[in-house]
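Here is a short note on the model you sent. The points are numbered for reference.

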Amino acid sequence: MLPTLRIGPLSIQTPGLLLLIGVFLGLSLAERFAARRGLPPERMYSLVFILFLSGIAGARLSFAAQHAAAFRAAPLSLLALDPALLDPFGGLATAGLAALVAGRRWRLSLWATLDAFTPALAVSAVFIGLANLASGRAFGAPTDLPWGIPLWGEVRHPTQIYQAVGSAMILAGLWKRFGRPALPGNLFLQFTALTAGLILFLEAFRGDSLLVAGGLRQTQVLAWLILAICLGLLEQRGFAPRNE
Amino acid sequence: MISAQPFFRRALWAAILLLGLGWILFSRSGADSATSGPSVAPQPGFLSPAFELTDRSGRLVSLADLRGHPVILNFWASWCAPCRAEMPALQAVADDYAASGLVVLAVNAAFQDEAADAAAFLSSHSLTLPVLFDRDGRVSRLYQIHSLPTTFFIGPDGVIRQVVIGGPMSAASLRIRAEALLTEAP
């Protein structure tokens, strides 16, 4: 666990740094294949910029609306560089809406655009595992296995490493498909299905699962639903390569 | 997989989904997946490590004695700019929510701070919230403090709800977290 990296007087939050590296490497990889999916790289970066700005603004405004009294008492907090004051669902909704408007204006295909961003998502998933390892979050259940890691007073499953390795395997498995023509959307659906399957499997080893009725793990139930939707869509849409 | 006949492919999807359901049922939570309980660690979901430190008047303050009260535990030093920036907001929260039972403790990392500098900072900002002094670094090590400021939000049951590494935390952020702790208070 290495939550902060100290370089002289600077103290850098390692998880955030790893996530930034993941997004940077992912976008660099996606840029190589974007044009083949009908998305010029400069348009891809414009879309990322719009997603980022609208996501942050939407997340902050949505959070402020939910906690209006606290922001009335401290209105300058609306501009604070505090990631805790963001509502992820509000951010996702706003970013999605902005992306839809931009996509329509630029006449982008939704499925082809999702395919174009899949390499970025696949690389980022590996770094999410590494960021969790650095922060000690998403930790495993206690274990006697020889590869257990000491964390939070117990020897635990290294679930963060499982997650990073599993995501790296998905990245390697899909690598050849990044540049291969296929029905638009299939690459994204395959990545999402594989990732949902990985989460469904690995959640069993977590020590911090949110539980629902009967001791079921909420994340596993959601991952199973996402897996079922992706497989259903893949089946319904077929696997025929795109005619180009 | 791509070239498989539709029947076999559908059978494979069905098998995968059935296996997934089986795995969900097989891996239903045992006691080891719940993080709250007797385990002690400086991490959300765990019991906060117990400690005793002296305050400005030399009085011994024990975290265990505050069980039943929500606690905000902030580690700081006078040389740390974000710590200094968020201290007025901490003071405001301490004042505004004291009557509701919220306790704000500012633990000065005295083993890496100058006592005179810390005292000068406290008096120049008229800070009256309880300040404890970690002179040998024992409590900072207990809470695995890697950088300052670090703030723990502890529920009335002694379980850590949130940890914020770095700062400065905004006033709204502190108020929202304080109110979240107070809504759980017995």
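Predicted model: local features only at pLDDT ≥ 70, side-chain atom pairs only at ≥ 80, totals over all residues.

1. Between the chains, 39 residues of chain A are in contact with 32 residues of chain B. On the chain A side, the elements that give two or more residues are β2 (10–13), α3 (68–73), α7 (186–202) and α8 (218–237). The largest share, seven residues, comes from α8(A). By class, this side of chain A has 22 nonpolar, twelve polar and five charged residues.

2. Helix α2 of chain A takes in residues 41–66, 26 residues in total. From first C-alpha to last, α2(A) reaches 37 Å, close to the 38 Å expected at 1.5 Å a residue.

3. Which residues of α2(A) are buried? They are A:Met44, A:Leu47, A:Ser54, A:Gly55, A:Gly58, A:Ala59, A:Arg60, A:Phe63 and A:Ala64. The cover over these buried residues includes α1 (14–34), α3, α4 (88–105) and α5 (110–135) of chain A.

4. In chain B, the axes of α2 (residues 81–97) and α5 (residues 171–184) come within 9 Å and cross at roughly 35 degrees. The crossing of α2(B) with α5(B) is right-handed.

5. At this crossing, α2(B) brings B:Ala89, B:Leu90, B:Ala92, B:Val93 and B:Tyr97. They meet B:Ala171, B:Leu174, B:Arg175, B:Ala178 and B:Leu182 of α5(B). The residues of the contact divide into nine nonpolar, no polar and one charged.

Methods. Residues numbered from 1 in each chain as written. Chains lettered and ligands numbered in written order. Contact = placed C-beta atoms within 7 Å. Helix = DSSP H or I, 4+ residues; strand = E, 2+ residues; numbered from the N terminus. Nonpolar A, V, L, I, M, F, W, Y, C, P; charged D, E, K, R; others polar. Expected span 1.5 Å × (residues − 1). Buried ≥ 20, exposed ≤ 12 C-beta atoms within 10 Å, placed from the backbone. Axes fitted to C-alpha atoms, helices over the stretch in contact; angles between N-to-C directions. Left-handed = near helix turned anticlockwise from the far one by under 90°.
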